[in-house]
Protein chains: 2
Amino acid sequence: MKKLVVAFLFAAAAPLPLLAQNAPPPPIAVDPKVVALRDAALNDDYAWDITEGLTTEVGQRKAGTEAEARARVWAAAKLRQLGFANVRVEEFPVQNQVRGLESAEILAPFPQKLVVNALGNSASTGPTGITADVVGFDSVDALRLAPDSAVRGKIVFIDHHMPANQDGSGYGQFGAPRRQGPTVASLKGAVGLVIRSIGTDHNRTPHTGVMSFANGAKAIPAGALSVPDAEQLVRILKRGKPVSMRLVLESTPFEGTSGNVIAEVPGRDPSLPPILVGGHLDSWDMGTGAIDDASGVAIATAAAKRIMDAGQPLRTIRIVWFGSEEIGLFGGEDYRKRYGKLPHYAMLESDFGADKIYKVDSKLGDARKDEARMIGAALAPLGVVTGKFDAADGSDIGPMIEDGQPAIGLSQDGTRYFDLHHTSNDTLDKIDPAQLRQNVAAWTATLAVLSGGIEPVPKPSRGKRR
Amino acid sequence: MKKLVVAFLFAAAAPLPLLAQNAPPPPIAVDPKVVALRDAALNDDYAWDITEGLTTEVGQRKAGTEAEARARVWAAAKLRQLGFANVRVEEFPVQNQVRGLESAEILAPFPQKLVVNALGNSASTGPTGITADVVGFDSVDALRLAPDSAVRGKIVFIDHHMPANQDGSGYGQFGAPRRQGPTVASLKGAVGLVIRSIGTDHNRTPHTGVMSFANGAKAIPAGALSVPDAEQLVRILKRGKPVSMRLVLESTPFEGTSGNVIAEVPGRDPSLPPILVGGHLDSWDMGTGAIDDASGVAIATAAAKRIMDAGQPLRTIRIVWFGSEEIGLFGGEDYRKRYGKLPHYAMLESDFGADKIYKVDSKLGDARKDEARMIGAALAPLGVVTGKFDAADGSDIGPMIEDGQPAIGLSQDGTRYFDLHHTSNDTLDKIDPAQLRQNVAAWTATLAVLSGGIEPVPKPSRGKRR
């Protein structure tokens with residue numbers, strides 16, 4: 001026993017700096033007002049009402065279409081009805097495409113139809129389509145390594161094995177077939193391209209998404225097969241016989257108008273930089289854009305509404321429902337042009353579904369680390385882990401974060417996000433109301449901390465009623 | 001203690017008939033050959049090979065089409081390759097329809113497109129479709145109770161709330177909108193009908209299925225909305241504004257040829273009634289018919305193959321891959337006409353997917369109850385419960401069971417069957433290889449008992465090689 005006691009005393013006498021490294025940070029007392037706002041938000045109905053309303057009364061709202069225009073009208077009316085100030089639409093021009101006939105038919109050796117959708121910026125095959133033999137690759141790199149002669153005049157198929165991860169990290173690496181595949185195939189002389197959908201489900205619902213032809217590559221027809229169809233094509237190719245495909249991907253380009261819808265909770269001190277919260281209003285055209293991104297604008301807006309209902313924040317909260325995110329972050333670009341050089345107190349965007357928030361990262365700068373830790377402490381009871389203090393991202397706000405704007409990243413659980421993303425299956429029934437409310441609670445608590453204090457709004461003195 | 005002992009003795013002295021009712025049945029010793037065949041089948045590859053081959057090399061095989069004809073050629077070749085005897089195709093004529101353009105577009109108050117598929121025997125709207133206001137009902141009974149004036153000239157929508165049950169029992173009651181809905185709507189003067197798909201999933205993949213117009217009802221266009229689309233229509237109708245829909249359901253009738261593909265494992269005593277095992281070869285046209293019913297013919301055939309490989313059974317096993325099941329059990333009807341009056345030793349059909357068998361019912365007659373109990377004992381180690389001794393069913397064989405043919409019912413777990421049934425999502429990736437093998441093991445053990453004993457096949461004496 002003696003030896004053990006000595007050893008223990010020796011350990012306790014270790015140099016102080018070493019011990020200090022492991023000492024817990026000083027305790028944080030979360031403001032009871034923040035706690036109360038957070039917990040009340042677990043009963044929120046605003047986010048559901050917005051998500052249900054937008055997806056039901058507008059449905060799909062592809063960038064630049066008349067449907068997106070109807071969505072802006074709907075959004076402005078809803079934001080006014082909720083009592084927000086300075087509701088406005090800021091328009092900008094965009095180019096996009098209308099989807100037409102789409103099919104991928106195996107003509108030989110085993111005649112059958114596969115389910116396909118055009119990717120954004122695909123060339124059109126016209127209604128009769130193109131017919132060519134299919135050559136398959138396991139990855140974009142395998143395509144790059146192939147001799148041009150193996151690809152020229154063919155329809156290229158690119159497979160991959162994207163996993164479902166909580167943080168959605170598969171989408172970066174395994175999205176390459178969609179992002180780089182069309183350019184690489186075109187430069188090698190392919191007449192068309194089909195990829196395995198960038199998705200983690202097994203439904204006959206292809207995942208579309210935007211791509212562009214780079215390095216002077218000529219636009220060619222480019223589509224996504226649903227995952228079961230891609231697996232079918234792999235099996236057919238494995239039989240070793242020439243595989244002939246007729247690919248029809250009709251698309252018609254148009255020039256249209258898009259826009260951002262903006263509203264505010266005016267702060268007590270209008271001279272202070274605002275807090276930007278948002279998501280994107282536009283969607284792809286196959287589903288009703290419930291998880292992408294009706295729920296995102298709904299979460300941000302519900303949290304701002306709950307702050308507004310509690311009184312007046314010190315800082316202005318600016319809500320932005322961005323337009324044309326899906327086809328190239330054009331709403332974020334327009335906002336950045338107009339306001340990007342002005343200081344913002346923080347930027348936050350919700351664009352990864354409506355499943356629970358599991359982590360909060362922040363990039364508020366070293367001087368505001370205590371504020372970031374306070375947010376972490378306020379969210380911990382919701383099961384949210386405090387992540388990094390030098391990281392945050394977002395789609396529309398991404399470029400402005402790179403410019404140096406402070407930001408908070410509330411990471412949603414993306415395990416099932418890529419089952420639904422950019423497919424016809426992105427519909428209201430995929431939203432879990434309980435997890436949606438957890439999002440609103442996390443956002444509300446975060447805004448309650450960032451807002452600089454919420455004070456009662458003095459009732460305006462009324463004239464006598466007559 | 002004394003009182004307890006007396007009570008116990010008294011109980012033991014209860015009248016014998018009462019005790020006899022509760023006595024366990026005599027123990028059953030399962031033949032080690034049956035056990036060995038059953039357990040070896042848990043490593044079966046035949047069923048997967050057939051399912052994979054038929055769905056990959058043929059794909060969809062709608063009744064009466066050239067695709068079903070290709071499937072018969074594929075089936076006969078496969079059955080010959082596996083070594084079965086008396087492989088033959090028995091053709092019969094059928095009428096069916098080819099699917100054309102299909103859409104259900106809400107024109108007002110919230111313009112958007114819903115996903116729809118025509119039901120079997122729907123009238124065609126032609127390519128321009130029909131436009132009318134939608135009137136919604138919660139059930140066929142609610143439609144029946146409505147005044148004709150509320151329905152005349154309208155497109156009727158019928159909702160329901162089919163649950164997912166292991167035994168598939170929701171399909172009977174909640175299938176009414178598809179089976180009776182079109183007739184009731186037509187007789188009340190509706191110009192068209194859309195139902196909530198008879199399915200338990202939330203994918204944008206409508207469930208088709210056959211129906212017919214009865215009682216002199218005029219054929220009208222009749223389609224199934226996917227479940228998310230039906231829920232969307234409910235929400236839209238709940239807003240209380242008139243809902244205008246343009247419904248396009250194109251279909252073109254044709255007269256074609258269907259047929260059954262038959263093969264045999266000849267028994268040692270050809271004079272004995274055969275055992276019929278089967279499933280159906282045709283499928284709906286949207287998926288590749290993996291669970292409905294490539295896996296069914298595969299399970300029945302794999303089990304027969306495993307018996308054949310073990311030697312020669314006493315009784316002939318006859319394998320039937322029925323044609324045109326989906327459009328009205330016409331394959332079963334053709335077989336019944338040709339052979340239905342001949343005695344069969346037992347009939348078994350697999351047509352409920354490929355998930356595990358959880359129960360065995362039988363209808364072999366009182367004289368063969370021990371045989372039925374023997375089958376139950378052989379299957380128990382696979383987790384199969386012994387069910388009733390006076391029940392068994394099947395789709396193609398159903399009418400012959402009603403005629404009095406003996407039958408065994410190996411019930412599959414149908415919990416997720418109606419997620420996929422009659423949709424584009426019925427593809428190979430939905431088959432769980434482990435559960436498929438459990439099916440083959442149960443079928444093999446059942447056939448091993450029914451076959452009357454398997455003996456080594458005497459090697460034919462060879463002439464000298466030169």
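Buried area is taken here as the accessible area, computed with a 1.4 Å probe, that two parts lose on being put together, summed over both. The structure is a predicted model, in which local features need pLDDT of at least 70 and side-chain atom pairs count only at pLDDT 80 or more, while totals for chains, interfaces and linings use all residues. Residues are numbered from 1 along each chain as its sequence is written, and chains are lettered from A in the order in which they are written.

For chain A, the domain assignment, which is automatic or taken from a database, gives domain 1 (32-95 + 255-454) and domain 2 (110-242). The centres of these two domains of chain A, taken over C-alpha atoms, are separated by 33 Å. Their contact (heavy atoms within 4.5 Å) takes 19 residues from domain 1 and 20 residues from domain 2, and the area buried between them is about 1,500 Å², of which carbon and sulfur atoms give 57%.

Between the chains, 29 residues of chain A are in contact with 29 residues of chain B, and about 2,300 Å² is buried, with carbon and sulfur atoms giving 44% of this area. On the side of chain A, Thr56(A), Arg204(A) and Arg239(A) lose the most area to chain B, together accounting for 24% of what that side buries.

Conventions:
Side-chain values use heavy atoms; hydrogens and water are left out.
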